[in-house]
Amino acid sequence: MTSKLAALERWVNEVAAQTRPAKIHWCDGSDAEYQALVQQMLQTGDLIELNQQTHPGCYLHRSNPSDVARVEHLTFVCTKHEEDAGPNNHWMAPAEAHAKIDALFDGCMQGRTMYVIPYCMGPIDSPLSRCGVEITDSPYVVANMRTMTRMGAAALARIEREGHFVKGLHSTGELDPERRFIMHFPEELTIKSYGSGYGGNALLGKKCHALRIASFQAQREGWLAEHMLIVGIENPQGQTHYIAAAFPSACGKTNLAMLIPPEGYRQNGWRVWTIGDDICWMRPGEDGRLYAINPEAGFFGVAPGTSASSNPNALTSISSDTIFTNVALTADNQPWWEGLPGTPVVDWQGRPYDPANGPAAHPNSRFTVRAKQCPTWSPKAEDAQGVPISAIVFGGRRPSLLPLVMEARDWAHGVLMGAAMGSETTAAATGAVGVLRRDSMAMKPFCGYHYGDYFAHWLSFDKPGAKLPKIFHVNWFRKGKDGKFLWPGFGENLRVLEWMIARVEGKARGAETPIGTLPATGELKLDGLDLPRETLAELLNLDASGWEMELHAIGEYLDSFGKRLPAQLRQEQQRVQQALHVPRKAANA
Ligand code: OXD
Ligand code: MN
């Protein structure tokens, strides 16, 4: 081991002394290594072979039923000062956190293999990418990390060149929820995760590194680490605009990132390019624009609801070489989940399917697949410089009030829109589903520092020379009085993106309102879509008294961040609140 890697070797030795594994395996990321791991997991029952005729290279993993989602109440940000973690995080003093979790790691790998996984988040040669090393005793984690990151020899070579990396230590432990913690030490660039094998808690390159630790680093270094998909929209003239969009977990980021244009658009030559479905790292380029990379190399997508109508590209992607977690099985051993045709015979826990036990597939069951398998995967996803972002989109599940789409009047207003984002909770985290909570920039579970400082960081990008993207807010989830969604969603969402692009290019006038610019009459192209005019009116309706209440609630929410809330953001909220008091006619004049 060369001297630049000495720090890594020292840490690996320290961890081995603490956890006392039977063996240490340094992962090289090769096919042979992956195949050997798969064979081993088939023997131990960690993986179950699926129908190899219909799904070659596909396997099922069944997790412990108490370990099926992220655990926000057991996830801690351990900064020296409590104030730095902010009210948006659970905090523990670093010394206490280390002591608590180190006690669990003590001897926990006895009889097991300890895997050392060097990985790179982002294209291996990109200046925007960052490396890490995860130590784990879970072969399932190794197999998934190989899919989700650039893992192995090339990453190790980059670590050797750079001499620094994020340290992540993970053990599945006993999978006992009483002995489970996901701890982050941003000031030490360290993660320690014990007692869970679930992706969001155990694949440390993903939420722990690429969001919680990276957001902390990004604030110090002048970039952004965000919970956003990145999609390229190519128009019939061959020009592509890249859009980054933040939605909370399980709100359709993967579907939007892979959308298939409606028939008429396809015929006219519109194309969609997928760059990423979950995480976006952005930084200003020399021309003042924001350039983005997807730090991941795979998709860890929610299976239920993924179907030929909602996301055919995802379905094609996962027809081979995919690890499924907690899905159900058909009689001929194919993976199955709610939304697919066919009938389940075995549920996600391996029991004969009985509707009385609930859904056949767990609502947060997942697929892990290499991004390259997606038919719309963009070659630009490997571009070391990243792609220039034309528009940033925020959105959540809001059954009422929020219009289908609105555009912020400027950057500060857009930051307010992102900060005010709310959404109904989903099965991606444990806890009640369907409860409305604020989830600023969809980062509530992932921002590794005080939200007040985070909002200030966002505002700081608006400086001389910056050519920032336009900011929009969308709501695909507005419901009518009958409780049904008003907007068809999925591929039809391209119509809304087209309007955004027209706004970016200065080709749509829009209608200014106190809450932002909405599409003017006729600007949203609806040809080929059977959407009654009244439904469109309802989707774009501005309920002034509802908005006054919303703005009041946003003000209270912002105040909860205390002294660290940037005054500019509160002023922006007051500006919109006051604009709402002006009679509509005057506001439109
Ligand atoms: C995810 C999540 O898995 O947000 O991407 O929970
Ligand atoms: Mn996510």
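I call a crossing left-handed if the near helix is turned anticlockwise from the far one by less than a right angle, and right-handed if clockwise.

I am working on a predicted model, in which local features need pLDDT of at least 70 and side-chain atom pairs count only at pLDDT 80 or more, while totals for chains, interfaces and linings use all residues. Residues are numbered from 1 along each chain as its sequence is written, chains are lettered from A and ligands numbered from 1 in the order in which they are written, and side-chain values use heavy atoms, with hydrogens and water left out.

**Entry: H12 and H13**

H12 passes H13 in a right-handed crossing. Contact means heavy atoms within 4.5 Å, and I find Trp411, Ala412, Val415 and Ala419 of H12 meeting Phe455, Trp458 and Leu459 of H13. These residues divide into 7 nonpolar, no polar and no charged (Ala, Val, Leu, Ile, Met, Phe, Trp, Tyr, Cys and Pro count as nonpolar, Asp, Glu, Lys and Arg as charged, and the others, Gly among them, as polar).

**Entry: H12 and H17**

I then turned to helix H17 (residues 567-581), whose axis comes within 9 Å of that of H12 and crosses it at roughly 90°, which makes the pair roughly perpendicular. By class, this contact has 6 nonpolar, 3 polar and 2 charged residues. On the H12 side I noted Ala412, His413, Val415, Leu416 and Ala419, and on the H17 side Gln568, Leu569, Glu572, Gln573, Arg575 and Val576.

**Entry: serine 171**

I located serine 171 in strand E9 (residues 166-171), where this serine counts as buried because its relative accessibility is 0% (buried is under 20% relative accessible area, exposed over 50%, partly exposed in between, with a 1.4 Å probe and protein chains only). Leaving aside neighbours within four places in sequence, I list its contacts as including Phe105, Cys108, Met109, Arg112 and Asp137.

**Entry: asparagine 311**

I found asparagine 311 in the loop between strand E18 (298-302) and helix H11 (312-317), and this residue counts as buried at 1% relative accessibility.

Note on methods. Helices (H or I, at least four residues) and strands (E, at least two) are DSSP runs, numbered from the N terminus. Axes are lines fitted to C-alpha atoms, for helices over the stretch in contact, and angles run from 0 to 180 degrees between N-to-C directions. Angles under 35 degrees count as roughly parallel, over 145 as roughly antiparallel, 65 to 115 as roughly perpendicular and the rest as oblique.
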